[in-house]
Amino acid sequence: PEALLERGRTLSWMKRYDEAIRDLKRHGEVHPELAGESEPVLARVTAWSGRFREAVAILQPYVTRGDRQATLDTATYLSWDQQLDRSLALTGGWLKGHPADHDFLILRGRVLGWRGLHDQARRTYEEALRGTPGDGPALLGLAQLDLWAGDPEGAEHRMGGLGPEAARSPEAELMRAQVDQRLGRRRRARARTEALLDQPDMREEAQSRLWGFADAQGPWIELSQVRTDSNEGLRAQAQRVDAALPFFDGTLRLGGAWDLLDQSGQGERKPREWSLGVTHPLGTRLTASAQVGRVDDVGGEAAGFHSLSLGWRAAPGLNLALSHTFAPSLATPRAVDLRTFTRAWGLGGAWVFNQTLDHVTLSLDRAFLSADAARKGLRLEGGHRFPFAGGEARAGLATRLIDQDRSLRIGYFNPERYRYYGATAGASLRHEERWELALDAWGGRQTVNRTSSQFTWGYTLAGTWTPGGSALTLFGSWDQSVAG
């Protein structure tokens with residue numbers, strides 16, 4: 001019996017799960033009196049193979065009898081299966097009778113963090129630390145919460161409290177890589193993570209982090225098409241190719257677009273545009289971006305465009321940005337024919353607070369449309385997230401104000417005075433990093449120039465899908481807006 005059980009364990013470590021499960025089941029059939037020894041191993045290997053519900057079913061009799069390890073394992077497998085509320089119910093029930101059980105506190109803190117309940121997760125980790133000062137998993141859990149709250153310096157400081165053994169662990173090294181990335185030390189972050197690929201227990205998570213680095217910094221290439229149809233007979237379409245490459249600790253971006261503008265009573269316009277940009281951190285709190293580009297046909301002649309921006313992470317969860325752009329308007333055929341240009345300066349800020357549940361964004365801009373009109377605008381939005389297992393709901397308020405000294409006849413909306421006050425609502429469903437589906441809606445009252453106010457509303461339905469183990473992501477969205 002021991003040989004059969006050990007063979008099953010060895011095969012599972014080699015990730016030959018089907019063979020391991022076969023041997024472990026055979027062990028249970030031949031030696032039913034040793035089921036208490038083989039079935040927990042069978043459940044673990046079954047969970048490793050991704051068959052979480054089957055693993056939970058194997059352990060159910062032991063959980064019913066109050067077995068500690070079976071209860072802990074079941075709560076773990078439920079969390080892997082994204083059944084976060086059931087996992088929390090198990091750990092909560094156990095902790096009522098065993099409030100100082102360290103392993104249950106750590107698992108509960110981790111699942112609360114995944115569930116989006118960061119304040120409760122923080123209190124749970126702190127409870128674990130009171131029982132075991134300097135505990136590595138608890139400190140790493142708190143460091144992760146600090147990162148999610150936009151405080152990488154706090155996460156780095158917290159990791160300084162790790163003991164020598166915990167500080168050398170692969171989990172600590174992976175956390176350091178995340179901190180390095182948030183502080184702009186991306187080459188160091190990538191090197192730390194790549195070194196963990198040699199460790200079998202960390203390979204999958206390290207590979208997932210490397211995919212995240214690629215999303216943020218490159219290399220990637222994206223093909224897209226966007227089409228807009230309006231009831232004024234306008235069709236605006238852009239087919240784009242964009243790419244990103246790592247550039248020291250920043251990103252080099254290249255882009256091209258083939259535009260099609262068609263409006264009733266006017267001929268088609270087909271300008272093409274190319275751009276080159278770079279984004280790079282300046283120290284640990286500043287990020288600078290610059291982009292230049294060229295459009296081949298704006299009113300019969302080529303034209304250039306550029307943009308500059310500077311971002312500052314002013315405090316945990318608070319980001320400010322200053323920007324300048326100069327670009328031709330490719331919104332309508334008439335705007336292209338008149339060689340309409342927009343030169344704009346912007347100042348904006350976003351604050352995420354209350355354990356990432358609340359946010360406020362504010363942007364101010366000053367713009368000039370060619371040499372004929374000056375515009376100033378304000379946009380303010382605030383909202384709250386309501387996380388649930390597998391997604392979240394959102395609700396908020398929004399306002400937008402525009403004042404322009406004169407309205408131009410350039411084929412698109414540019415009123416002298418605009419006021420909007422409304423509300424937003426939305427929800428998202430997601431499964432790990434495989435897919436996400438989101439619906440966002442907005443509605444409110446708008447006033448254009450001196451006319452009476454009218455109700456305006458709109459919605460966006462969007463989805464992304466990444467096939468398992470694939471480097472390909474598919475995405476799409478549909479939106480509609482209505483005024484009056």
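**Close-up views of the predicted model**

**View A. Val298 stands opposite Glu301 of strand 6.** The model shown here is predicted. Strand 5 (residues 286–298) and strand 6 (residues 301–315) run antiparallel and are joined by eleven bridges. The two strands form a hairpin, with two residues between them. Gly299, which lies in the turn of this hairpin, has a positive phi of about 65 degrees.

**View B. Strand 6 and strand 7 form a hairpin.** Strand 7 comprises residues 318–328 and runs antiparallel to strand 6, to which nine bridges join it. Two residues lie between strand 6 and strand 7, and Gly317 in the turn has a positive phi of about 80 degrees.

**View C. Glu204, Asp215, Glu432 and Glu433 form a negative surface patch.** Glu432, one of these residues, is located in the loop between strand 12 (417–431) and strand 13 (435–448). Because its relative accessibility is 39%, Glu432 counts as partly exposed; the range for this class lies between 20% and 50%.

**View D. Phe386 is a residue of strand 10.** Strand 10 spans residues 373–388. Phe386 has a relative accessible area of 43% and is therefore partly exposed. Glu222 is 164 residues away from Phe386 along the chain, and the C-alpha atoms of these two residues are separated by 32 Å.

Conventions: Residues are numbered from 1 along each chain as its sequence is written. This is a predicted model: local features need pLDDT of at least 70, side-chain atom pairs count only at pLDDT 80 or more; totals for chains, interfaces and linings use all residues. Side-chain values use heavy atoms; hydrogens and water are left out. Patches are made of residues with over 30% relative accessible area and no salt bridge: like charges are joined within 9 Å, nonpolar side chains (Val, Leu, Ile, Met, Phe, Trp, Tyr) within 5 Å. Accessible areas come from the Shrake-Rupley method with a 1.4 Å probe; for residues, only the protein chains shown count as cover. A salt bridge is a side-chain nitrogen of Lys or Arg within 4 Å of a carboxyl oxygen of Asp or Glu. Lys and Arg count as positive and Asp and Glu as negative; His and the chain ends are not counted. The place of a charge is taken as NZ of Lys, CZ of Arg, CG of Asp or CD of Glu. Helices (H or I, at least four residues) and strands (E, at least two) are DSSP runs, numbered from the N terminus. Buried means under 20% relative accessible area, exposed over 50%, partly exposed in between (1.4 Å probe, protein chains only). Two strands pair if DSSP finds at least two bridges between them.
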